[in-house]
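Have the viewer open as you read.

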Amino acid sequence: MSLDASRVILGTYGSVFIAGEWQTNFNHLEANVEIQKKELNLAGDPWVRHKKGAMKGTGSMSGFKVTSDMIARGFEKFSLVSKLGDPDSYGFERITLNNVMLDKLQLANWTAGEEVKEEVSFTFEGYTLNDPIKAI
């Protein structure tokens, strides 16, 4: 059976929420979790084995500058919710990123005659898959 192309999720239907408020100015969000693996060399075993170690969450979001909210937020930790809700998909996905902290504050970055864009990189400490998308 081939893929039903109508079920492919478009980023057009993505949303970012901070403190329950939809951040309509952001049109890109990326969040990743990386794990540190410890290599184990065991006697009598030709394979290098791996043990799970610490995890690190990193991400970025970008869009258009509309308010000074991110500057005002500073380096205080907050929760961020990513929502993907394409109406043709099998449902919607919501993921909460916990203890989000900005890496740097963009105080100014503008050019005359151009839209002002805002890009924010951050770390986070844990996540919750609130609403997974499941095939029917």
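## The pocket and what surrounds it

Of the residues that line the largest pocket, 10 are nonpolar, eight are polar and three are charged. Here nonpolar covers Ala, Val, Leu, Ile, Met, Phe, Trp, Tyr, Cys and Pro, charged covers Asp, Glu, Lys and Arg, and polar takes the others, Gly among them. Before going further: this is a predicted model, where local features need pLDDT of at least 70, side-chain atom pairs count only at pLDDT 80 or more, and totals for chains, interfaces and linings use all residues. Residues are numbered from 1 along each chain as its sequence is written, and side-chain values use heavy atoms, with hydrogens and water left out.

Back to the pocket. Its volume is about 330 Å³, and 21 residues line it, with Ser15, Leu29, Glu30, Ser82 and Leu84 lying nearest its centre. A pocket here is an open set of points on a 1 Å grid over the protein atoms alone, where a 1.4 Å probe fits and protein lies on both sides within 12 Å along at least five of seven lines; lining residues have an atom within 4 Å of a point. The volume is the space filled by probe spheres set on those points, which are joined across faces, edges and corners.

Which strands each supply at least two residues of the lining? They are β1 (14–18), β3 (26–41), β5 (78–84) and β6 (93–102). The largest share, eight residues, comes from β3.

## The chain as a whole

The protein chain has one helix and eight strands, in the order β-β-β-β-α-β-β-β-β from the N terminus on. These are DSSP runs numbered from the N terminus: helices are H or I with at least four residues, strands are E with at least two. The radius of gyration is 19 Å, well over the 14 Å that the globule rule gives for 136 residues, so the chain is more spread out than a compact globule. That radius is taken over C-alpha atoms, and the rule is 2.2 Å times the number of residues to the power 0.38. Along the principal axes, the C-alpha atoms fill a box of roughly 65 × 45 × 30 Å.

Of the 136 residues, 21% count as buried. Buried means under 20% relative accessible area, exposed over 50%, and partly exposed in between (1.4 Å probe, protein chains only). Among contacts (heavy atoms within 4.5 Å) between residues at least 6 apart in sequence, 66% join residues at least 24 apart.

## Salt bridges

How many salt bridges does a search of the whole structure find? Three, counting a side-chain nitrogen of Lys or Arg within 4 Å of a carboxyl oxygen of Asp or Glu.

| Salt bridge | Closest N and O atoms |
|---|---|
| Arg49 and Asp45 | 2.8 Å |
| Glu125 and Lys77 | 3.1 Å |
| Asp131 and Arg94 | 2.5 Å |

Glu125 pairs with Lys77, and this links distant parts of the chain: Glu125 is in the loop between β7 (117–124) and β8 (127–131), Lys77 in the loop between α1 (69–73) and β5, 48 residues apart. Glu125 is partly exposed at 46% relative accessibility, and Lys77 is partly exposed at 42%.

Asp131 pairs with Arg94, joining strand β8 to strand β6 across 37 residues. Asp131 is partly exposed at 22%, as is Arg94 at 29%.

Thr58 sits in strand β4 (residues 48–64) and is partly exposed, at 29%. Leaving out residues up to four places away in sequence, Thr58 touches Glu30, Ala31, Asn32, Phe122, Thr123 and Phe124. Thr58 and Ala31 are 27 residues apart in sequence, yet 5.8 Å apart from C-alpha to C-alpha.

Arg73, in helix α1, is in contact with Ile18 and Phe78 once neighbours within four places are set aside.

Now for backbone angles. Most residues other than glycine have a negative phi. Ala19 has a positive phi, near 55°; Ala19 lies in the loop between β1 and β2 (21–22) and is exposed at 66% relative accessibility. Asn99, in strand β6, also has a positive phi, of about 50°, and is partly exposed at 35%.
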